[in-house]
Amino acid sequence: MHTVEPTSYVLTILDQLYAPQGPTASSRTHITSNVYRVPLPPHRAPAPGHPQVLEHPRPPRRLELPYSLELIVKAFELQFFYAIIELVSVSSTASSSSASATTTGSVTAEAQTWKSAIIGAGGFVPGIVFNPTQKGLCYLRTDIGGLYRLNTADDSWIPLTDHVGDANWHDWGIDAVATDPVQPNNVYVAVGMYTNSWDPNNGSILKSTNQGSTWTKVDLPFKVGGNMPGRGMGERLAIDPNNNSILYFGARSGNGLWKSTNAGSSWAKVSAFPDPGTYIPDPSDTYGYNTDIVGLTWITFDPSLKSSSGTSRIFVGVASLGKANIYQTVDGGSSWSPLPIFNSTLIPHKGILSPAESSLYVTFANGAGPYDGTAGRVGKYNITAGTWKDITPAQAITDNFYGFGGLAIDLQKPGTLMVAALNEWWPDANIYRSLDGGSTWSPLWEWAGYPTINRYFGLDNSLAPYLGGPLSNQDVSLKLVGWMIETLNIDPFDSNHWLYGTGATVSGGRDLLKWDTSHNVTIKAYAAGLEETAVLGLISPKSGTAHLLSVVADIGGKGTLSENVDVRPNELPSGFLHTSLSTPTKAFATPTYGTTSGIDYAGNKPSQIVRVGNIPADTNPQVALSNDYGATWSANYAAPAPSANAGYNGGTIAYSADGDTLLWSSSGKGVLLSKYQGSFTAVAAIPSGAAIASDKVNGTALYAASGNTFYSSGDTGSTWKSAAVSGLTTVTAIAVNPFKAGELWLSGDGGILHSTNYGATFTALPSSTRGWNIATGAPKTTGGTPALYAAATVKGVTGLFRTDDQVNWIQIHDATHGFGAASSIVLAADPRIYKRVYVGTNGRGIFYNSNAA
């Protein structure tokens with residue numbers, strides 16, 4: 001058992017892709033920010049980009065947003081597209097006059113107390129699994145943020161995979177989870193992020209014998225796709241309830257069915273299984289994200305038929321169309337036969353056995369999910385008779401524009417089941433409940449003659465307030481139930497307790513039986529402990545109530561990455577003012593962007609904040625300004641709206657120290673400059689995609705780096721000096737001293753360099769051979785050099801470090817906090833609190849060290 005080290009590989013970003021067609025099409029756009037290669041839902045547009053080679057790939061960000069029905073339907077008429085979002089780690093180098101440091105620094109470790117800066121979920125929850133034999137034991141898996149276990153004392157979530165670091169970053173992609181019905185302390189997960197080239201490593205099965213406190217790993221001979229299409233189906237991993245040494249795993253990519261007979265220590269392919277799956281979401285996709293075979297979708301045991309060696313009858317769902325796609329064995333896997341075809345145009349997403357009814361319930365959709373699906377059904381298979389019954393809710397048949405994903409049965413009340421519409425984009429997702437085995441259904445909401453709507457629920461989003469609500473009864477501007485509901489569960493020990501996952505959080509309640517009496521339940525966002533955001537930018541101003549402001553990817557917003565009209569009912573924020581680190585925080589608004597890619601403050605006027613959105617076809621300008629530390633915002637109309645001026649979106653932005661100049665390294669218009677809120681004009685001297693920064697003391701000093709050149713301006717960008725530098729070939733970040741003019745640092749593929757003279761010369765910091773994000777904060781001694789924090793490789797160890805003296809390094813990551821891929825870490829250091837650093841991750845939100853001085 002071992003951890004596979006990731007190898008470096010090359011990702012080349014193509015020069016030009018095509019914009020979408022149809023009613024929301026815009027002119028060709030260019031998307032650039034500090035992430036890249038995000039697989040997007042079908043209607044999102046690709047865009048031209050700058051060819052760029054990345055030595056160490058940054059894991060792609062996840063996107064899971066509500067989309068309009070119109071766009072989803074249109075997507076099936078078009079090929080699937082992707083946005084390539086470039087990591088702003090442009091090629092740049094150290095000064096030609098710099099020299100290698102002659103001093104060899106030491107490395108010591110310093111214990112930290114890491115906590116989460118609370119946003120509240122913020123990402124897709126594809127799977128929730130209750131243990132059937134131990135009350136209260138429940139696991140939640142995410143697509144890029146790892147695994148959690150339910151804390152029954154307060155309904156919060158305990159993260160179980162925070163140990164994941166740079167070497168095993170893809171272990172945060174959880175494609176399946178199985179909890180042991182015989183020995184509940186055992187839990188297994190299938191890990192791996194992508195099955196295409198974005199993830200170079202094969203997947204693994206992780207096993208814990210203490211409910212996730214520690215893990216062992218067994219590598220698989222194929223890839224696993226925790227963030228691939230179909231990740232909400234399942235579960236693909238299952239434990240035999242009659243012999244818990246036997247496990248089955250349904251693989252992707254045509255690899256078929258795999259079996260372990262020694263509690264996960266080794267795995268072998270089940271050669272007798274006839275169908276590895278044939279469904280491919282989009283064979284024309286040139287990036288491989290949608291060209292892979294989705295494979296097997298779920299595995300369900302029927303414990304009533306067993307032998308001395310284990311369960312004899314097992315059902316397996318397969319992502320195939322046009323033929324049988326559910327198989328069973330009655331001899332423990334020696335032979336397999338197809339069930340009668342229920343509907344050859346649909347894929348089985350979930351399959352759950354109701355033992356008391358001797359029935360198998362299955363939800364179907366015509367896509368792999370979680371974004372697609374425009375048709376679906378619910379089937380009930382009578383195991384004894386060997387026949388199907390279509391039990392689809394009548395309203396869904398009438399609606400006829402969505403599939404089904406989430407499926408739950410109540411083990412305490414045979415015949416009680418619930419199903420969730422998959423991608424019923426407007427006005428809201430619906431959930432249906434039946435008390436008679438699917439013969440009749442009651443909805444969570446229904447029209448009472450359009451446009452009047454009856455909602456049979458109340459709402460409590462206090463743990464994820466950015467989701468909005470409650471609203472007036474007739475307001476349909478927000479999706480209150482959710483979207484992308486692929487997992488839906490009723491607690492096997494408590495019929496009142498139910499949970500379901502959405503594209504933004506986990507919701508549910510503890511009064512479910514009221515559905516059957518007063519037909520009015522309370523839906524609560526159970527986001528406590530669950531932090532899933534993909535963080536793009538952090539700042540810690542020198543003054544103000546909040547020590548932290550953040551911007552993140554793909555929670556929601558007005559429009560999407562390719563929309564030029566407000567077609568979605570949600571306007572969810574992607575930026576936050578953290579007036580408290582321990583409670584859900586205030587979200588940025590007016591304007592609201594679905595993804596915000598950059599943020600900065602004016603060093604001498606910290607109340608002035610700027611942020612930049614990344615909504616390429618939005619009708620709003622993508623630059624927003626605040627004069628009150630981020631409490632309120634206004635659009636900066638000096639920035640043209642990208643709907644009519646493609647390319648004015650995304651990237652990073654820098655605010656001059658005196659708050660009169662903006663330097664914007666945009667997605668499609670190169671580097672731009674605006675003075676006194678005047679028009680943005682191109683900075684011809686600086687290449688597109690450059691890393692940028694502003695001095696935090698000298699109001700006229702601005703910096704940039706690209707290629708093997710460092711750029712500086714002493715007149716707020718009117719003129720620029722450039723100098724060839726040596727020591728680095730790729731700069732990933734520029735950091736400046738918040739208290740002293742002209743002092744800055746560069747990080748890149750050769751380490752970290754330091755300048756005290758506005759970049760005229762640089763000195764290499766000892767021991768660091770690779771740097772990604774860097775940040776400066778309060779010094780150890782008043783008036784001294786600021787503490788420098790770095791996601792870096794220092795003396796061969798990659799992780800998170802601090803130096804107080806520019807020579808000696810202090811390791812501040814540890815065995816239980818790895819922060820994922822180093823290339824994805826986003827940093828901000830507190831200029832007011834020594835040792836305090838804020839760490840943004842790609843899928844686990846924001847951490848901070850609470851024991852800082």
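Asp155 is buried, at a relative accessible area of 13%, where buried denotes under 20% relative accessible area, exposed over 50% and partly exposed in between (1.4 Å probe, protein chains only). The structure is a predicted model, in which local features need pLDDT of at least 70 and side-chain atom pairs count only at pLDDT 80 or more, while totals for chains, interfaces and linings use all residues. Residues are numbered from 1 along each chain as its sequence is written, and side-chain values use heavy atoms, with hydrogens and water left out.

Asp155 is found in the loop between β5 (147–151) and β6 (156–159). Its phi is near 60°, a positive value in a residue other than glycine. A positive phi, of about 70°, also occurs at Gln806, which is not a glycine. Gln806 lies in the loop between β56 (797–803) and β57 (809–811) and counts as buried at 9% relative accessibility. Most residues other than glycine have a negative phi, and most peptide bonds are trans. The peptide bond from Gly234 to Glu235 is cis, with omega near 10°; Glu235 belongs to the loop between β10 (216–219) and β11. Gly369 and Pro370 are likewise joined by a cis peptide bond, with omega about 5°, and Pro370 is located in the loop between β20 (359–365) and β21.

The protein chain contains 2 helices and 60 strands; these are DSSP runs numbered from the N terminus, with helices (H or I) of at least four residues and strands (E) of at least two. Of its 853 residues, 67% count as buried. Among contacts in the protein chain with a separation of 6 or more, 59% involve residues 24 or more positions apart, a contact being heavy atoms within 4.5 Å.

Gly376, in strand β21 (residues 376–382), is buried at 6% relative accessibility. Residues up to four places away in sequence aside, Gly376 touches Leu346, Phe364, Ala365, Thr392, Tyr402, Gly403 and Phe404. Ser507 is placed in strand β32 (residues 506–509) and is buried, with a relative accessible area of 4%. Beyond its neighbours within four places in sequence, the contacts of Ser507 include Trp498, Tyr500, Ile523 and Lys524.

Strand β25 (residues 431–434) pairs with β26 in the antiparallel sense over 2 bridges, pairing requiring at least two DSSP bridges between two strands. Tyr432 stands opposite Pro443 in β26.

The largest pocket has a volume of about 1,100 Å³. A pocket is an open set of points on a 1 Å grid over the protein atoms alone, where a 1.4 Å probe fits, with protein on both sides within 12 Å along at least five of seven lines; lining residues have an atom within 4 Å of a point. The lining comprises 38 residues, of which Val129, Phe130, Pro132, Thr300 and Ile352 lie nearest the centre of the pocket. Strands supplying at least two lining residues each include β3 (127–130), β15 (296–307), β19 (347–354) and β23 (403–409). The most, 5 residues, come from β15.

Definitions and conventions:
Points joined across faces, edges and corners; volume = space filled by probe spheres on them.
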